[in-house]
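This report describes how two protein chains meet and how selected parts of each are arranged. Please keep the sequence and the structure in view while reading.

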2 protein chains.
Amino acid sequence: MKKLILAALTSGLMVSANAQAEMPATPAKAAMCIGCHGEAGNSVVPNFPKLAGQHAAYTEKQLKDFREGYRKDPVMSGFAKGLTDEEIKELAAYYAAQTQK
Amino acid sequence: MKKLILAALTSGLMVSANAQAEMPATPAKAAMCIGCHGEAGNSVVPNFPKLAGQHAAYTEKQLKDFREGYRKDPVMSGFAKGLTDEEIKELAAYYAAQTQK
């Protein structure tokens, strides 16, 4: 029984460690997003989309589309122009890992 | 004590009834969305956004932008052209009321 409890505890710790490893650090450029898209991508403004939990591939494409002018928005186009491919990838992965509230 | 339990149960039932009242019925046109955006807006395809839990005002604007050509996508533009303002409002409210998974 003791072994079972120990195994359960150890596996719990491993799951917890994995969950932490999978959670990306907040990218520096996320500071630009928080005003409209809220804390960790949970926008509280109905006009601005929630990004939390959104597929990374989708968010990445939107940022690139804004940057390259395929999708147009006076605010987003400006912000996206200042992002590298790497920064876009980081932002998209970060928001995908958040929980929608 | 009995009164307290009864009050708690009644208030529980009322909350439950309200929660049901707030959940919009699945709009007929949602049948067009399910292929890409998944069951109740929980897309499992990384390229297609999750709509579940998204702000209704945002989803509504995107559908109108697709319909009127401000936002362009070969698939979405076609679908949106077939939607009335009322249908767009219903779809946006329906997806906003779903829980993101």
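## The contact between the chains

In this predicted model, the contact draws 17 residues from chain A and 17 residues from chain B. Together, chain A and chain B bury about 1,500 Å² between them, and 45% of this area lies on carbon and sulfur atoms. Of the area that chain A buries against chain B, 36% is supplied by A:H55, A:Y58 and A:Q100, more than by any other three residues. An area of this kind is a usual way to describe an interface: its size is often given as the accessible area lost when the parts come together.

## Polar and charged features of the interface

What kinds of residue make up the side of chain A that touches chain B? The residues of that side divide into eight nonpolar, seven polar and two charged.

Between chain A and chain B, 14 residue pairs are in polar contact, with both residues at pLDDT 80 or more. Across the same interface of chain A and chain B, zero salt bridges are found. Over all chains, however, the count comes to 12 salt bridges.

## A salt bridge within a helix

In general, side chains of opposite charge can pair when their charged atoms come close. An example is provided by A:K64 and A:E60, whose side chains meet in a salt bridge with an N to O distance of 3.3 Å. A:K64 and A:E60 are four residues apart in helix α3 of chain A, so about one helical turn separates them.

## Two crossing helices in chain A

Helix α3 (residues 56-68) of chain A also meets helix α4 (residues 74-81) of chain A: their axes come within 7 Å and cross at roughly 95°. Angles of 65 to 115 degrees count as roughly perpendicular, and α3(A) and α4(A) are therefore roughly perpendicular to each other.

Which residues bring the two helices into contact? From α3(A), A:L63, A:F66 and A:R67 meet A:M76, A:S77, A:A80 and A:K81 of α4(A). By class, this contact of α3(A) with α4(A) has four nonpolar, one polar and two charged residues.

## Positive phi values in both chains

Most residues other than glycine have a negative phi. A:A40, although not a glycine, has a positive phi of about 55°. This residue, A:A40, lies in the loop between α2 (34-37) and α3 of chain A.

In chain B, B:A40 is likewise a residue other than glycine with a positive phi, near 55°. B:A40 is placed in the loop between α2 (34-37) and α3 (56-68) of chain B.

Notes. Residues are numbered from 1 along each chain as its sequence is written. Chains are lettered from A and ligands numbered from 1 in the order in which they are written. This is a predicted model: local features need pLDDT of at least 70, side-chain atom pairs count only at pLDDT 80 or more; totals for chains, interfaces and linings use all residues. Side-chain values use heavy atoms; hydrogens and water are left out. Contact means heavy atoms within 4.5 Å. Buried area is the accessible area (1.4 Å probe) that two parts lose on being put together, summed over both. A salt bridge is a side-chain nitrogen of Lys or Arg within 4 Å of a carboxyl oxygen of Asp or Glu. A polar contact is a pair of N or O atoms within 3.5 Å; within protein, one must be able to donate a hydrogen and the other to accept it, and residues adjacent in sequence count only if both atoms are side-chain atoms. Ala, Val, Leu, Ile, Met, Phe, Trp, Tyr, Cys and Pro count as nonpolar, Asp, Glu, Lys and Arg as charged, and the others, Gly among them, as polar. Axes are lines fitted to C-alpha atoms, for helices over the stretch in contact, and angles run from 0 to 180 degrees between N-to-C directions. Angles under 35 degrees count as roughly parallel, over 145 as roughly antiparallel, 65 to 115 as roughly perpendicular and the rest as oblique.
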